[in-house]
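Here's a quick briefing on the charged side-chain contacts in the structure below. Have a look first, then read on.

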Amino acid sequence: VEEQSVTTAEINRSVGEVSRGAERIADTVAGIAGSIEATSASADATQASAVTLSAVATQVATQIGHFTV
């Protein structure tokens, strides 16, 4: 009976460790997901800025084209 108690206690300890490990993994995955979301938002903002900059560059080129030397 004592050996069964020791074995049961060891199983409970192992299950607790696995549970804590799974929780840490879930937290890490959630953190990665948040980082991916932030990176995606930054990429969208960068793309929008590039589009705006391209339009401004076209306007500037058009305005400069009106001048002759």
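**Salt bridges around one arginine**

Arginine 13 counts as partly exposed, at 40% relative accessibility (buried is under 20% relative accessible area, exposed is over 50%, and partly exposed is in between, with a 1.4 Å probe and protein chains only). This is a predicted model, where local features need pLDDT of at least 70, side-chain atom pairs count only at pLDDT 80 or more, and totals for chains, interfaces and linings use all residues. Residues are numbered from 1 along each chain as its sequence is written, and side-chain values use heavy atoms, leaving out hydrogens and water.

**The pairs**

- Searching the whole structure turns up two salt bridges (a side-chain nitrogen of Lys or Arg within 4 Å of a carboxyl oxygen of Asp or Glu).
- One joins glutamate 10 to arginine 13, at 2.5 Å from N to O.
- In the other, glutamate 17 pairs with arginine 13, and their closest N and O atoms are 2.0 Å apart.
- Put together, Glu10, Arg13 and Glu17 form a linked salt-bridge network.

**Where they sit in the helix**

- Glutamate 10 and arginine 13 are about one helical turn apart, because they are three residues apart in helix α1 (residues 2-65); helices here are DSSP runs of H or I, at least four residues, numbered from the N terminus.
- Glutamate 17 is four residues from arginine 13 in helix α1, again about one turn.

**Exposure of the glutamates**

- Glutamate 10 is partly exposed, its relative accessible area being 39%.
- Glutamate 17 is also partly exposed, at 40% relative accessibility.

Terms used:
Helices (H or I, at least four residues) and strands (E, at least two) are DSSP runs, numbered from the N terminus.
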